[in-house]
Amino acid sequence: MPIKTLDRAPVTETSLRRDLAALGVEPGPPLIVHSSLSAIGWVVGGAPTVVRALLAAVGDEGTLAMPAATPQCADPATWSEPRIPDRWLEQVRDNLPVFDPRTTPTGLGVIPETFRNWPGVLRSDHPVESVCARGPLADEITREHPLEFSEGPGAPFGKLLDLDSRILLLGVGFNRCTALHTAETLVDKRRTMTETFPIWDGDQRVWVTVQNVANDRNRLFPLIGERYLTAYTSERSRAEQGPVGNAQSILFPMRNLVSFAQEQFEALL
């Protein structure tokens with residue numbers, strides 16, 4: 001990462017560990033991390049330094065999880081980046097590689113991609129919405145991942161909810177918080193969409209179409225997140241806020257957010 005500002009000290013593994021501890025990250029329930037390396041600042045050692053600090057914060061008995069979504073494995077007609085010209089679509093569809101949990105890179109940035117490749121990390125096998133985890137509960141979290149409603153019950157984020165996980169928004173907002181998809185999956189008036197992607201059926205490459213909750217596109221997630229943080233005054237929010245490196249970050253219990261968000265979705269949808 002280029003050095004953009006010289007008026008701030010470089011971020012180190014030691015300073016990251018200190019900041020994470022001050023925020024309240026400690027051994028305990030699983031920790032889900034959504035992150036932005038650029039928001040953290042100029043990190044000595046880059047993304048691997050951030051991953052080491054997070055693993056140290058949860059400890060040997062803790063489990064660290066990150067989404068490892070691969071939108072590039074879905075129908076190219078749905079891609080927002082890069083946009084594919086219509087005249088290319090048939091050729092791209094015919095040659096689109098099938099998701100491989102061992103080799104397909106994430107589409108969520110350098111920290112989750114570094115974590116995906118970390119020794120001991122397991123990955124679920126959903127072609128578009130996979131999750132990576134490392135630690136004693138990693139196998140339980142990633143072992144099964146239904147194709148439909150892939151952030152709900154029975155999927156990794158549903159299991160993370162059952163395990164009373166914590167969420168760390170590390171320099172990103174609630175628009176990046178997958179747990180809000182989990183919450184919407186659980187309400188009656190959920191917004192839905194279809195997802196289409198190739199899979200292997202034996203030795204045959206086939207396209208499948210499934211139902212999932214719709215993309216929020218920054219419509220309700222930021223609003224619900226803002227309301228959740230405002231709930232400090234009524235003690236409904238148990239969020240902690242503070243800097244990790246240069247990144248303004250938020251740590252909170254997943255169950256707490258999901259319960260709050262379900263009420264909000266019921267009122268807003």
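Q: Over how many bridges do strand β1 (residues 31-35) and β2 pair in the parallel sense?
A: This is a predicted model in which local features need pLDDT of at least 70 and side-chain atom pairs count only at pLDDT 80 or more, while totals for chains, interfaces and linings use all residues. Residues are numbered from 1 along each chain as its sequence is written, and side-chain values use heavy atoms, without hydrogens and water. Strands (E, at least two residues) and helices (H or I, at least four) are DSSP runs numbered from the N terminus, and two strands pair if DSSP finds at least two bridges between them. In the parallel pairing of β1 with β2, Leu-31 stands opposite Leu-64, and the number of bridges is two.

Q: Which residue of β4 stands opposite Leu-64?
A: β2 is also joined to strand β4 (residues 131-134), by four bridges, and these two strands run antiparallel. Within this pairing, the residue opposite Leu-64 is Arg-134.

Q: Are the faces of β2 covered or uncovered?
A: In a regular strand, side chains alternate between the two faces of the sheet. On one side of β2 are Leu-64 and Met-66, and on the other are Ala-65 and Pro-67. All four are buried (under 20% relative accessible area; exposed is over 50%, partly exposed in between, with a 1.4 Å probe and protein chains only). Both faces of β2 are therefore covered.

Q: Which strands stand at the edges of the sheet?
A: The open sheet has seven strands with mixed pairing, in the order β3-β4-β2-β1-β5-β9-β8. An edge strand here has a single partner, so one of its sides is left without a neighbour in the sheet. The strands in that position are β3 (122-123) and β8 (240-244).

Q: At roughly what angle do the axes of α1 and α3 cross?
A: Helix α1 (residues 13-23) has Glu-13, Leu-16, Arg-17 and Leu-20 in contact (heavy atoms within 4.5 Å) with residues of α3, including Thr-49, Val-50 and Arg-52. Axes are lines fitted to C-alpha atoms, for helices over the stretch in contact, and angles run from 0 to 180 degrees between N-to-C directions. The axes of α1 and helix α3 (residues 47-58) come within 9 Å and cross at roughly 40°.

Q: Is the peptide bond from Glu-81 to Pro-82 cis or trans?
A: Pro-82 is placed in the loop between β2 (64-67) and α4 (89-95). Omega for the bond from Glu-81 is near 0°, and the bond is cis.

Q: Does Phe-149 count as buried or exposed?
A: Phe-149 is found in the loop between α6 (138-142) and α7 (156-162). Its phi is near 45°, a positive value in a residue other than glycine. At 17% relative accessibility, Phe-149 counts as buried.

Q: What is the relative accessibility of Asp-164?
A: Asp-164, in the loop between α7 and β5, has a positive phi of about 60° although it is not a glycine. Asp-164 counts as partly exposed because its relative accessibility is 33%.

Q: What is the relative accessible area of Leu-257?
A: Leu-257 lies in helix α10 (residues 254-268). Leaving aside residues up to four places away in sequence, Leu-257 touches Phe-174, Cys-177, Ala-179, Leu-180, Tyr-228 and Phe-252. Leu-257 is buried, with a relative accessible area of 0%.
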